[in-house]
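Colleague: I'm new to this one. Could you pick a single part and walk me through it closely?

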Amino acid sequence: MALAKDDIHNALAKVMSPDGKPLTETGTLSDFVVTDGKVFFSITVDAGAVKQWVPIRARAEAAARAVPGVNSVMVALTAERLGAPSRSASGPGQGAEPQRRPQAPAQGARPRQGGAPTHAPAGIPGVEAIIAVASGKGGVGKSTTAVNLALALHDLGLKAGILDADIYGPSMPRLLAIREKPETIGGTRLKPIMRHGMPVMSIGFLVEEETPMIWRGPMVMSALTQMLREVEWGELDVMVVDMPPGTGDAQLTMAQQVPLKGAVIVSTPQDLALIDARRGIAMFRRVNVPVLGIVENMSTFICPHCGGRSDIFGHGGARNEAERLGVPFLGEIPLDLAIRENSDAGRPVVAAAPDGPHAQCYRDIAARVRDGLQTASRPAPKIVIEA
Ligand code: ADP
C-alpha cells in the first residue's frame, strides 16, 4: 500500500501544539519526505520554546509511526533564533516537494559570501571536543581512518565516540558489524550503540543502507541535529565525526553547523587526491575550523607475501603538501591487506590487532590529534605591556 502524505498530515493534525493548535496549522513543519515506508520531517520552533516542544515532537513521531504502512519515522526538532528569517513550511498536505537546491537551514550560522560564519553553533553538553574526519573525495579511506582514530584515541585513555555523518554512504554499520537499531529512551532520545567501549551513532542505523535517500540541505541538517543533540552521548572527551566525502554544499553546511574543534583531512599520496584535500582544507578554513592536520592513507604498499614495500601511488605527497599549506602532517598509514580485511570483517585493525604496527601508526596519529586539540583550544596568551 502506497503511503500517502495526506495520511500523515491527518495524523499530525490530531497532535496539539503547546498553545492547543493542531500541529499542521502552526507553520512549524517542513522538510517532509515520505518514501518507501519512511517518514522524515522537521519541526522548527523558536529557541526559547524548545522545552515545551520536546513532548510534542515525541507525540508527532508516535502519531506518524501509527499510520499504517509507516516503518520508520525521523522527526527533527530544530530551534530557530528569534528574529531569524523563518523558513518556508511545507506540510504534507501542501502538495509536492519544493525542488530546492541543497541549502543551509535558516536557523544556523550561514557563512557570509566567502567568509566566516556569523556565530559558532552551540556545543553538545558533556562532549568536550568534536572533530571531523574529512576527505576531498570518496574512497581514500576516510571512514577506515575515522573509526581507527577513534579507537586509538580510546586506547590513549580518552573517552571517545563516533558519529557517522556520511549521508551518502554510512560505513559504521559495516566497519563495526552493527546490525541492531538504536533504542529510544523515553520516546524522545536515542541510545547510541556501544562498540569497543565507545558510543556509536550512524545515519545508517536510521535509514536503510540499501535504500539511498535523496538528501536535501535542510534534511541533512535535521538528521545531523538529531544525531548530535538527541542522542545520549554521555561524557566524552572527543567525538569523531565521519563526514561525507567532498566539499559540496552538504559538507559545507555540516562543517559550519557542527560545533567542530578541528578537522583531520585524509588523502592518498597521489596528486589528484591532494587537489581534493586542498579543497577540504580551504573549506574548513572558510568556516573557521582549525585543520588539525593531514593523514596520508594507502601510503606505502606492504606485500603480504614478501613484506616488501612499494610506493604505488608515490609517497610523501601529503607530507609535502601539508608543509606547503602550513598544516601539521599527522602521519601515514600503509596500504595493507590486513587493514582492508579487518575492516570488511567488522573489526577495525586497532581493535583486531592492538599490538600490531598499524595500531601503533593510528595511536601516533591520535596522539598528534590530541595534542593539536589542546593547542587549538588553548586561549591566546595575554600580552601585558609594562610601563
Ligand atoms: P572512504 O570513507 O574514503 O570512502 P573507506 O574507509 O570506506 O573510504 O575505504 C575504502 C576501501 O579501502 C575499503 O575497502 C577499506 O577497507 C580500504 N582501505 C582503507 N584504508 C586502507 C589501507 N590503509 N589499506 C588497505 N585498505 C584500505
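Modeller: Let's take helix 3, where the buried residues are Lys142, Ser143, Thr144, Thr145, Ala146, Val147, Asn148, Leu149, Ala150, Leu151, Ala152 and Leu153. Buried here means under 20% relative accessible area, with exposed being over 50% and partly exposed in between, using a 1.4 Å probe and protein chains only. Helices are DSSP runs of H or I with at least four residues, strands are runs of E with at least two, and both are numbered from the N terminus.

A word on the source: this is a predicted model, in which local features need pLDDT of at least 70 and side-chain atom pairs count only at pLDDT 80 or more, while totals for chains, interfaces and linings use all residues. Residues are numbered from 1 along each chain as its sequence is written, and side-chain values use heavy atoms, with hydrogens and water left out.

Back to the helix. Because 12 of the 14 residues of helix 3 are buried, it is largely enclosed by the rest of the structure. From first C-alpha to last, helix 3 reaches 20 Å, close to the 20 Å expected at 1.5 Å a residue (the expected span is 1.5 Å times one less than the number of residues). After helix 3 comes Gly157, with a positive phi near 100°.

Now for the ligand. Helix 3 (142–155) supplies at least two residues of the shell around the ligand, and so does each of strand 12 (291–302), strand 14 (329–335) and helix 10 (337–344). In total 17 residues surround the ligand, and the closest are Gly139, Lys142, Ser143, Thr144 and Pro334; a residue counts as near if one of its heavy atoms lies within 4 Å. Sorted by class, that shell holds six nonpolar, seven polar and four charged residues. For that sorting, Ala, Val, Leu, Ile, Met, Phe, Trp, Tyr, Cys and Pro are nonpolar, Asp, Glu, Lys and Arg are charged, and the others, Gly among them, are polar.

The backbone takes part too. A ligand oxygen sits 2.9 Å from a polar backbone atom of Gly141, and a ligand oxygen is 3.1 Å from a polar backbone atom of Val140. At Pro334, a backbone N or O atom lies 2.8 Å from a ligand nitrogen. The protein covers 84% of the 560 Å² of accessible area that the ligand has on its own, by the Shrake-Rupley method with a 1.4 Å probe.

Technical notes:
A polar contact is a pair of N or O atoms within 3.5 Å; within protein, one must be able to donate a hydrogen and the other to accept it, and residues adjacent in sequence count only if both atoms are side-chain atoms.
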